[in-house]
Amino acid sequence: QVQLVESGGGLVQAGGSLRLSCAASGRAFSGYAMGWFRQAPGKERECVAAISWSGVSTYYADSVKGRFTINTVYLQMNSLKPEDTAAYYCAASTRLGYHIASRVAEDYDYWGQGTQVTVSS
């Protein structure tokens, strides 16, 4: 059983940066497609970024394009805005095709517990 653990969240001023990491325990962490999701109070969970198992394909929500960068290990968040405030979750999938990056939560098998990101204005 894979357990995911996020780290790197915190409080930052608008315009600042954070790097969220996702680590796995329980088994070697390779061969997974990854996704980062966030959920703010009173809002639905949304995928902000995803990357395929191959690392070739990526997806970014329009709201974060040009500011966030995903790789297979972390999510780099630059030029943060107060509207980025949310709990952020990493997710891993064993079922997606080699070059498929998915924004669909149901495609993911494993989830972390989340890390809070708060951006002050």
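Contact is taken here to mean heavy atoms within 4.5 Å. On that basis, residues 24 or more positions apart account for 59% of the contacts in the protein chain with a separation of 6 or more. The structure is a predicted model, in which local features need pLDDT of at least 70 and side-chain atom pairs count only at pLDDT 80 or more, whereas totals for chains, interfaces and linings use all residues. Residues are numbered from 1 along each chain as its sequence is written, and side-chain values use heavy atoms, with hydrogens and water left out.

The secondary structure comprises zero helices and 11 strands (DSSP runs, numbered from the N terminus: helices are H or I of at least four residues, strands E of at least two). Of the 121 residues, 40% count as buried, that is, under 20% relative accessible area with a 1.4 Å probe and protein chains only.

Ser102 lies in the loop between S9 and strand S10 (110-111) and, at 6% relative accessibility, counts as buried. Its side chain reaches the backbone nitrogen of Val104 at 3.0 Å. Not counting residues up to four places away in sequence, Ser102 touches Cys47, Ala50, Leu96, Asp107 and Tyr108.

Key
Buried < 20%, exposed > 50% of the residue type's maximum accessible area, 1.4 Å probe, protein only. Polar contact = N/O pair within 3.5 Å; in protein donor to acceptor, adjacent residues only side chain to side chain.
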